[in-house]
Amino acid sequence: MFDITLSPYQIEFVLKPNITITQVYEVTNNSDQPITLNTEVLPFLPQGNNGSVTYTDISSNPNISFSLSNSNLVLGQPFTLPANSKQQLILKIKTSPTTKLSDYYSTFFVYQSSPMTENDSNFSQAIGKIGSHILLSVSDEENPKVDATVQKFMATPKIKDIFFTPINFTGQVQNNTNYFFKTSGKITITKNNQTVKELTLDSNNVLANYYRRLTCAQQSVCTLSPPLWPGAYTATLTFDENLKISPISTSFFVLPLSPIVFLALVALVITFIIKTKKSKPLL
Amino acid sequence: MKNKFFFFLFLLLFLFSQKINAQTFDSTNYHIEFGNFNMTGGRKTSTTYTLTDTVGQNAPGKYTNTGYTVKAGFQYIYDLSQPFSFKIDDLDLNFGALVPQVGSTQSNIITVTTPSAHGYDILASENHPLTAKSSTIPDTTCNSGTCDQSTSGIWTNIDAYGFGFNAIGINSSGVVTNVGTSNFFTDNTYYRQFASVKDNETPQVFMSESQPAKDHSAKITYKINISPGQSAGNYENAINLIAVPKY
C-alpha cells in the first residue's frame, strides 16, 4: 500500500540571484507498513488553461540547485519511513549569481522506491508518487510588475429566459511577463446601472507568458443563477488595482420567454374550449 | 492612606492578571520562540462566513535585506499549508497465467485528498511495455486500432491484443460516480495505453478535478489480452501513478 501525505502542497517565493532558502516539508506515512521512499525535483511546464502541468523532457536549470539539508538524508537517495509516522524533509533551494531574472517552476516529488519483486508470473508493480509544486520568481524586485490581458470574456447564452438555465461567464487571463501573478478581482453584473450580483474571482496563479481560465470562488464556473428580471444586463470584469489590468464588459439579455409561451398555450386552450362550446349543436 | 491605596492596587493586579503565552514552533530539529510577530491572524468562522486575516504583519524591507520573500505573506501560506494525500490500496498486480484471447484483468483503487485550493491531476506512465526476456506484449490500440496514451477507445474485441487500463471514479461504497475520470474514460469498456517512459512518452493525466477533493477515489482496471502467437514468458513492468496539485 502507498498512503502518503505531503505538506505543504505548494510553495511560492520571490528571490534574488545568489540566495539560499530552505523549505520544510512534512511527509506522513498513513499506512500500517513501513515504506521506502525517495525524493526528486523535476521541472514542469503549464498545460491547458486550468492549472495542469506536464513533465515533458525539459532539462533542469543548472543555476538553481536543490538539495536536502537533513543530516541523514540526501535528495535522490532512498529512506525508510516507519508505519504511521512522519518525517521532515528540509529542501534547500539555491540560486546562483548568474541566474537569469525569470520564473522557474518545479515539483518536489516523494515516491515509493521499491525494487521490482522477482515473480514467476505476469506482473505489474504499481508505484505511488506525490508532488508539491515550487514556484520561484528570481527577481531584483519584491513585487515584479504585472502586464496581462483578458481574452475571450463572454456570457453564455447571450439571450436567455427568466427561468431555467444559468448564465455562465468565461474568459482567460494572458500573462505577458516573465513572472507569475495571482488573479484577484470580481465580475459585477448590472442592470439599469444597478448592481444585481458580484462574483468574486478565485485567486489563481497565472504563470509567466501563459494563460489561465477564470474561475469564481465557491463555483467551478462563474455563474449567475435564475430567476432574473427581464432586461439588458452588463457583466464587467474588474481586477484589483495592483494588477493594472483594464476592465472589460460583455452584455446579455433576459427575456420572459417561458411566460410568453405559457400564456400563448393558455390562450390557445381557452380559444379551443370556446370554439368547441360554440360548435356544439343546441339540444 | 496612600500606602493602603498602593497595597490595594497591587492586590488587584495579582488577583486579575492573566497568563500571557508567546507563540512557539517546535520540530525534532529546532525550537523557535515568538515565531509570529503579528498582532493576530488565522481563520475565523461562523455559520455564515469564513475569514482569514493577518493583522500587523511586519518586517518591512525584508526583501532588500534577505533577498527573498514568500509570494503572498503569512495569510496565503495559511491555506497552502493544508496537506495533500494520495493512496493506492494495492501495488502488486499479479495477472497469473495468461490465456490467449481471454482478457486478464487486475485492479486497484486510488484515493486523493487535496487542500482547499484548485484540485489535482493524477498522471500515469509505465517504465516500458510488459516485457519478458526476449519479447513484449504491445500496448493496446483498442478495437479501432486508434487508442493511445492520451486517447481512450472501446476495447472489447478478443482479437484486439495488448496491455492497457481503464479508470472509473467511485464513491466510498464502490458505486460508480465517474467523478474525476469522465473526461478520460466514458465507461468501463474504454481503455488506453500507459505512456512509456522507455519510448520518451510523457506521463498523461487520467483523473482530474478543478475543485478541492476529499477522499475522491477511482478504480483502475489493468487488462492484458494476448494473441495465440504470443511467446511464453513472465511479462513484467512498473506503473507510475503520480498525484500533483493544480498550481
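This is a predicted model: local features need pLDDT of at least 70, side-chain atom pairs count only at pLDDT 80 or more; totals for chains, interfaces and linings use all residues.

Residues are numbered from 1 along each chain as its sequence is written, and chains are lettered from A and ligands numbered from 1 in the order in which they are written.

**Fold.** I looked up the secondary structure of chain A and found one helix and 22 strands, taken as DSSP runs (H or I, at least four residues, for helices; E, at least two, for strands) numbered from the N terminus. Chain A is more spread out than a compact globule, because its radius of gyration is 29 Å, well over the 19 Å that the globule rule gives for 283 residues. That radius is taken over C-alpha atoms, and the rule is 2.2 Å times the number of residues to the power 0.38. The C-alpha trace spans about 105 × 55 × 30 Å along its principal axes.

**Contact with chain B.** I found 49 residues of chain A in contact with 54 residues of chain B (C-beta atoms, placed from the backbone, within 7 Å). β11(A) gives the largest share of chain A's side, 13 residues.

**Strand pairing.** β11(A) runs antiparallel to β7 (residues 92–96) of chain B, and four bridges join them; pairing needs at least two bridges found by DSSP. I also noted A:Asn122 opposite B:Gly96 in β7(B).

Definitions and conventions: Two residues are in contact if their C-beta atoms, placed from the backbone, lie within 7 Å.
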